[in-house]
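The structure is shown first.

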Amino acid sequence: MNKDEYKEYVKRRAKRSASPKNCGFAFLIGGAICTLGQALHDLYMHLGIHEQDASTLVSISLITLAGLLTGLGVFDKLAKIAGAGTLVPITGFANAVVSPAMDTKSEGYIFGVGAKVFTIAGPVILYGLFSGVIYGIIYFLWG
Amino acid sequence: MRNIIRLGASPRISSYYSVVGSSEHEGPLGDCFDHFSLDDKFEKDSWEKAESEMQRLAVAGALKRAGLRDTDIDLLLAGDLLNQCVGSSYGLVDFDIPYVGLYGACSTCALGLALASLLYNGGACKRCACVTSSHFCASERQFRFPLEYGGQRTPTSQWTVTGSGAFIVSGIGDVAVKEIVFGKSIDMGISDINNMGAAMAPACIDTIKRFFEESEHSVDDFDLILTGDLGYEGSKILKDLLLSEGIDIRKIHNDCGLMIYDRKKQDKHAGGSGCGCSASVLAGDIIKKLESRELKRVLFIGTGALMSPLTLYQGGSIPAVAHLIHLEVNDYDS
């Protein structure tokens, strides 16, 4: 068996993740997080906060909640079931920043937390900003 | 003799000691281990220090069981999964024993035992100690993601064991190391860090085939062929591919990664891995069964995936190695 045949053999036999089940949980839990976001939005509006500020406050609230649950060791257990349901909303981004910060605390606040806090989220931030710049240039020239 | 190294002087495993963390203690072999800690930090302030502490406890335990002091040991062979083998070098500073660091990933336990046996056999050492360890939390952050990161594992992924096992090889003891086969570094193009069993199986197949090609023994002569650690996926591949080559080990094969956890109940996917896995299973269970004659002749094959996160990010695949040692009780033929 050569390398390509072996890779094909391994791929064929490897048990795959239970996609329908994972998608179902991702839909339910991700949907629940988005519903919570909408409920918070309505609550903030009800309290007389301007719509744009209310949207920002929803993001802040969900980030705070995800950060707190990560710190309490609950988020990863939820994410294990929810998968993309917790990853795709802003909660996944919060977890991706808080978890390396917790992990690297033992190396100190400079070489640990400071240097490695964006290990996972870094590419998202970099290429997110980069895409923004490209979009801005296109918008400026042809918008 | 290109493959099998036969050890005429019959080096023996004269002492052993196993140390594990909480998940391993809760597993099917929980009661077999000599020492466990429900606190996976072993009262230290980092995971890496905890791993070092496990090695210190394992060596101290093996010395105590043999009634020896550190100065009675000629050489200490140690390895772990951490960068620069710091689990070993920091953990073993308290011992007044010349130290050699080894790296063979999950095969390090077999590598250490093989080298210690050779050193005894050649007359270079009267007593050698070998110890290996791995720690789930320290490995996870080195090879994968931060501990609290919320992600899903694939069914083929293995779980690094928090554990350590130490052995003392000398001329005294009931369990002898009879033969050794060192493995080749074999890369069959698997690059999925979540399917290391598939990456390691070809190396294991190569070593086992080379052994049986030259050995006077057949598969039926052994009570157990123990791999450490191919997990569920790698074990299935090993058995199926060996069978297709006319070597049927299905009845007597087991894998340390499958023994240490209840995969389903403990949700450990394809089972355990790490150089603390085979070391703790061997020291906690197999050697004891050999001493009690429940087992008499065992082939132990340590399998290691020799990648680093760096080589994987560079698009590399995972080379693997498998070292074999043939263990036998002294009075087997009598």
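## The interface of chains A and B

In this predicted model, twelve residue pairs, both members at pLDDT 80 or more, are in polar contact across the interface of chain B and chain A; a polar contact is a pair of N or O atoms within 3.5 Å, where within protein one must be able to donate a hydrogen and the other to accept it, and residues adjacent in sequence count only if both atoms are side-chain atoms. On the side of chain B that touches chain A, α6 (196-214) and α7 (231-244) of chain B are the elements giving two or more residues, and α7(B) supplies the largest share, five residues. Helices are DSSP runs (H or I, at least four residues), numbered from the N terminus.

The residues on that side of chain B divide by class as follows.

| Class | Residues of chain B |
|---|---|
| Nonpolar (Ala, Val, Leu, Ile, Met, Phe, Trp, Tyr, Cys, Pro) | twelve residues |
| Polar (the others, Gly among them) | eight residues |

Asp267(B) forms a salt bridge with Lys80(A), with the closest N and O atoms 2.3 Å apart.

In contact (heavy atoms within 4.5 Å) are 28 residues of chain B and 33 residues of chain A.

Residues are numbered from 1 along each chain as its sequence is written, and chains are lettered from A in the order in which they are written. Local features need pLDDT of at least 70, whereas totals for interfaces use all residues, and side-chain values use heavy atoms, without hydrogens and water.

Key: Salt bridge = Lys/Arg side-chain N within 4 Å of Asp/Glu carboxyl O.
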